Amino acid sequence: MNIDSGLVAIGRAAKILGVSIDTLRRWDKSAKFTSVRIGVGGNRYYRRSDLDLFMNDWFAVAKRWAMDAVGYEPSPEYYCRTRDVFQARLENFQSSLVKNQEPNLASLISAIVGEIGNNSFDHNLGNWPDILGIYFAYSLSEKRIVLADRGLGILTTLKKVKTDLINHKEALKVAFTETVSGRFPESRGNGLKFVRNIVTQKSFGLFFQTGDAFLNLDANNADVKIEETSEFMRGCLAVVKY
Amino acid sequence: MLIKLNKFGTILVSRPAGKEAYLAFRPTLNRVKANEVIDVDFDGIEVLTPSWADEFLNPLLAAFKSRVNLKNTQNSSVVESLKILNLNKFV
């Protein structure tokens, strides 16, 4: 029920955002996404403007989804539960992209998005800690793509074969600079090096976070400088700019 | 023998898809005669990743070695994928 035209009840807000009512209550308690209470102990309502802002900033939505302590399925529009769904959406992305970009550039952008997205499936198949699959959103006008997963993260994956890895920072560096795979003895491990080559050669931008480590890769950071953040994420979050 | 990769699709991205493509095509390779050359044609490929290429091309190269030629490899993602897999010498 709308109290006034600017407020939306929690059930409706949950549907709009594609999350559960419990998730919204939790976000409210943790001040991650706050509600408006009408009267003492009254029901929760949400400002329409807050919902619009929340939905439009899909980078923030992806980050929140990847970092939340409790897993939930994201909005169906951006959710690729299986690899088949991701492939279909990637094909749609490529066909839209090629209308706006030079074909060889479009091809490289889709290739790096495909590598990053499929990497999540390759390394978490059968081992997803809670929510299966990835978040995949893009804006052709902003020239930005976001991919996220709630998987095991790079450190856990690579530690299976490189047992001396001690932190996320090291693991992220190895993933982008060495040919090593968490799926030994299979011959793998080129994917993120390929991504790095394209991003640095073509002056694209890549933000990539796993655990408490992140990198901002571009033509000026071809050496892969890894930084740390206090915002921990078990899985991975990637933003590609072109 | 000519293998037209666009018969597997034009956006060749994931490892399972590359592996499945090779396994599905494997029986056809039984028809290759001794010393016959195998041309792998990339014409029409829009997007290729090293993951797909690794799963399809490396088993093919392991089986037929220098008899494999890679043709029409101008697409930028094809060029970069072959480069990172060190398969340029087969072009």
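Which residue is the bridge partner of B:L2 in β3(B)? Select B:L2 and look across to β3(B): the partner is B:D39. Keep in mind that this is a predicted model.

**Stop 1: the sheet in chain B**

Stay on this pair of strands. Select residues 38–41 of chain B to show β3, which runs parallel to β1(B) and is joined to it by three bridges. Strands of a sheet pair through backbone hydrogen bonds, either parallel or antiparallel.

**Stop 2: an annotated span**

Select residues 31–76 of chain B. An unreviewed UniProt entry annotates this span as "domain: DUF4325". The span is 35% helix and 22% strand. Its end C-alpha atoms lie 32 Å apart.

**Stop 3: where the chains meet**

Show both chains. Here 21 residues of chain A are in contact with 19 residues of chain B. On the chain A side, select α5 (83–100), α6 (103–124) and α9 (191–201): each supplies at least two residues. The largest share, nine residues, comes from α6(A). Colour the chain A side by residue class. You get five nonpolar, eleven polar and five charged residues.

**Stop 4: the domains of chain A**

Finish by colouring chain A by domain. The assignment gives domain 1 (7–56) and domain 2 (79–241). The C-alpha centres of domain 1 and domain 2 of chain A lie 31 Å apart.

Methods
Residues are numbered from 1 along each chain as its sequence is written. Chains are lettered from A and ligands numbered from 1 in the order in which they are written. This is a predicted model: local features need pLDDT of at least 70, side-chain atom pairs count only at pLDDT 80 or more; totals for chains, interfaces and linings use all residues. Two residues are in contact if their C-beta atoms, placed from the backbone, lie within 7 Å. Helices (H or I, at least four residues) and strands (E, at least two) are DSSP runs, numbered from the N terminus. Ala, Val, Leu, Ile, Met, Phe, Trp, Tyr, Cys and Pro count as nonpolar, Asp, Glu, Lys and Arg as charged, and the others, Gly among them, as polar. Domain bounds come from an automatic or database domain assignment. UniProt positions are given in the numbering used here, feature names are shortened, and annotations may be inferred rather than shown by experiment. Two strands pair if DSSP finds at least two bridges between them.
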